[in-house]
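Here is a short briefing on a protein structure for a reader who has not seen it before. Please look through the sequence and the model first.

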Amino acid sequence: MMDVKRYLRGPVVWIIVAVLAVILVSRVFDAANGYKKVDTATVVDAINKDQVQKAELIGGASPRIQLELKGDVKNDKIQASYLERQGAELGKLLQDKKASGAIETYDISNPRQNFFVSLLVTLLPFVLIVVIFLFLMNQMQGGGSRVMQFGKSKAKLISKDTPKTTFADVAGAGEAVQELHEIKEFLEAPGKFQAMGAKIPKGVLLYGPPGTGKTLLARAVAGEAGVPFYSISGSDFVEMFVGVGASRVRDLFEQAKANAPAIVFVDEIDAVGRHRGAGLGGGHDEREQTLNQLLVEMDGFDVKGGVILIAATNRPDILDPALLRPGRFDRQIAVERPDLQGRHEILKVHARGKPVAPDIDLLSIARRTPGFTGADLANVLNEAALLTARSDGKLIDYKALDEAIDRVVAGPQKSSRLMNEKEKKITAYHEGGHALVAAALPNTDPVHKITILSRGRALGYTMVLPDEDKYSTTRNQMLDQLAYMMGGRAAEELIFHDPTTGAANDIEKATGLARAMVTQYGMTERLGAIKLGQDNGEVFLGRDMGHQRDYSEEIAAIVDAEVKKLIETAHNEAFQILADNRDILDNLVVALLEKETLNKEEVAEIFRDLNRRPQRPAWTGSDLRIPSNRAPVMTPKEIALANGAPVDDASTPPPSIPADNRPAYEPDPNSGLPGRPIWDPPTA
């Protein structure tokens, strides 16, 4: 119904009405002259029968003849059209009848077009162009009431009737909630802060990976603040007309200042806040004008307080430095991927209102989902609910949650893809090679799952996950990762003597990791701790063009050689591990072919007698840097555990740690350098 009203208010209706009016007026004028239209033969017959009293030949674009018949003839006024070449014949006929006295008089006229009609015909195309232009602008601006208001702000004012999101609905982002809660307190009781001479931040920038809850935090501020809250997207400032973006920024802040104190939330601010003057063309004038106006409104010459700007972006690295300086975005809050406790809290929030089975431990689900964002975890529980409903279940159980995690990680299972026995066996050995190498190396994460069921673009996959969150990676862990990545290719070579294309993604990832070890992390003896290559920050040039090589061809050759050396070493190590554990690999493949999917406990049982690799020797990158034989100090928890205290009761010991409690390092038998601790501290 609303669409019908909008079209009735639009210019199309008026165009149709005008056309119908013109047609109606022309019909009225035609009827007003009193002449009945007949065919040409009737007119000629009336002339030949001497029934005509007066006649008039009218030329022009549509030549016609009009006759007034004598009084004793019915329909005494008639007219007919004729062809231009017939005009001379009709004129001669009328002249002959006039000479014989049969016709009282006749006339020949060539009428000229009315001035106003001519003007109308001339201006009509231009009028139509203007009307169509206004119609298109009306459609772009979303309604008939905004035809001439494209410079006005498109911000939405959150009303009291809008369903509210509060800080209680936000989990896994405690630091961000605390910072935003402070803004709420300042708006409610500014005297507390003003007494200390403190000023509330003018701007708060929320940045982080997609799906971490930046927009959710903004909605929570809107629900908690109790002041006018304006929400707008960065793309709403961008328009095809120059100056419209800047006009909308001015209008937005005028509205907010008129209702101060107020909060303005700009989502995806990188749409207008990109670095000025960047790119091949020297920047974008319209976007830069919009950014300039935003800078002035936030902290310009004439600034009125009471407006707090909250913005969100996934790309803080491309924002203009003038936008990020103190005085504009005083506070920049990183909204990162949640840790274990954060994931647990997020799962509890999204489990509300869902019939979860009583035996479900959400903490164990949180342990299985490292690296997941809040959006991923919400999707996991939603997929589990959908799967449960699809199978007519009443409670969400572990089976549904396990399948939901797999769907989020690798996509839905492709039950329609049927592999023959040979391909299935190759896939089983490939995934088994990954899993066995990962389990045999000392610095890889535990194997949680192996499957040969197709999901997404993968014929199968091996899930290797850490038991706890990690924020850094050691060189030995990277070397073990390289060997684990090459495990599938090594298994194909060992068993079938003919590798397949299934290892393409493994090789790509291994090459990327090896190159990063050489050029970014300085983890080779030949090149040392040097950063090779640099990113020039020109985000508009693309990833490849934005990377500059600041080293010679000789160094580039060494980089390639070192990358090849790392991958070859890892490949050979994986091959040797599989050869040393061939019987266990075969048992794993038999179990995979039988069950198709193995969980963590089943894999651990098969790998119980696995021939595991020892710790790698110490490495410093140079023979001149000899590692110390003195072990690092023990943490308070390690001392408490060493003294036999339970994990939960481990109290904090005195800060001074006796040297007797520090484990010694045994020398590596090959190099003589310290290798690994003789005593492994117990872990929780």
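This is a predicted model: local features need pLDDT of at least 70, side-chain atom pairs count only at pLDDT 80 or more; totals for chains, interfaces and linings use all residues.

Residues are numbered from 1 along each chain as its sequence is written, and side-chain values use heavy atoms, with hydrogens and water left out.

**Overall make-up**

- The secondary structure comes to 23 helices and 18 strands; helices (H or I, at least four residues) and strands (E, at least two) are DSSP runs, numbered from the N terminus.
- The protein has 684 residues, and 38% of them count as buried. Buried means under 20% relative accessible area, exposed means over 50%, and partly exposed lies in between, with a 1.4 Å probe and protein chains only.
- Among contacts with a separation of 6 or more, 71% join residues 24 or more positions apart, where contact means heavy atoms within 4.5 Å.

**Helix packing: α6 with α8**

- Two packed helices are described by the angle between their axes and the distance between the axes. Axes are lines fitted to C-alpha atoms, for helices over the stretch in contact, and angles run from 0 to 180 degrees between N-to-C directions.
- Helix α6 (residues 174-188) packs with helix α8 (residues 214-225) at an angle of about 25°, and their axes are 10 Å apart. That makes α6 roughly parallel to α8; angles under 35 degrees count as roughly parallel, over 145 as roughly antiparallel, 65 to 115 as roughly perpendicular and the rest as oblique.
- The crossing of α6 and α8 is right-handed. A crossing is right-handed if the near helix is turned clockwise from the far one by less than a right angle, and left-handed if anticlockwise.
- From α6, residues A176, V177, L180, K184, L187 and E188 meet L217, V221, E224 and A225 of α8. The residues of this contact of α6 with α8 divide into seven nonpolar, no polar and three charged. Here Ala, Val, Leu, Ile, Met, Phe, Trp, Tyr, Cys and Pro count as nonpolar, Asp, Glu, Lys and Arg as charged, and the others, Gly among them, as polar.

**Helix packing: α12 with α14**

- The axes of helix α12 (residues 340-350) and helix α14 (residues 374-390) come within 9 Å and cross at roughly 45°. The two helices α12 and α14 are therefore oblique to each other, and their crossing is right-handed.
- In α12, R343, I346, L347 and H350 meet G374, L377, A378 and L381 in α14. The contact of α12 with α14 has five nonpolar, two polar and one charged residues.

**A covered helix: α17**

- Helix α17 (residues 475-485) is mostly covered, with 10 of its 11 residues buried. Among the buried residues of α17 are R475, D480, L482 and Y484.
- The cover over the buried residues of α17 includes α16, β13 (461-464), α18, α19 (504-519) and α20 (553-580).
- The axes of α16 and α17 come within 8 Å and cross at roughly 155°, and α16 and α17 are therefore roughly antiparallel to each other.
- The crossing of α16 and α17 is right-handed. H434, V437 and A438 in α16 meet A483, Y484 and M485 in α17, and by class this contact of α16 with α17 has five nonpolar, one polar and no charged residues.

**Aromatic pairs**

- Rings of Phe, Tyr and Trp (its six-membered ring) pair if their centres lie within 6.5 Å; planes under 30 degrees apart count as stacked, over 60 as edge-to-face and the rest as tilted. By this rule there are three aromatic pairs.
- The ring centres of F186 and F193 are 5.6 Å apart with planes at 50°, so the pair is tilted. F186 is buried at 12% relative accessibility, and F193 is buried at 15%.
- The rings of Y429 and F496 have centres 5.6 Å apart and planes at 85°, so the pair is edge-to-face. This pair links distant parts of the chain, with Y429 in helix α16 (residues 421-440) and F496 in helix α18 (residues 487-496), 67 residues apart.
- Y429 is buried at 9% relative accessible area, whereas F496 counts as partly exposed at 26%.

**Two loop residues with positive phi**

- Most residues other than glycine have a negative phi.
- D392 is not a glycine but has a positive phi of about 60°. D392 lies in the loop between α14 and α15 (398-410) and counts as exposed at 65% relative accessibility.
- H497, also not a glycine, has a positive phi of about 60°. H497 lies in the loop between α18 and α19 and is exposed at 66% relative accessibility.
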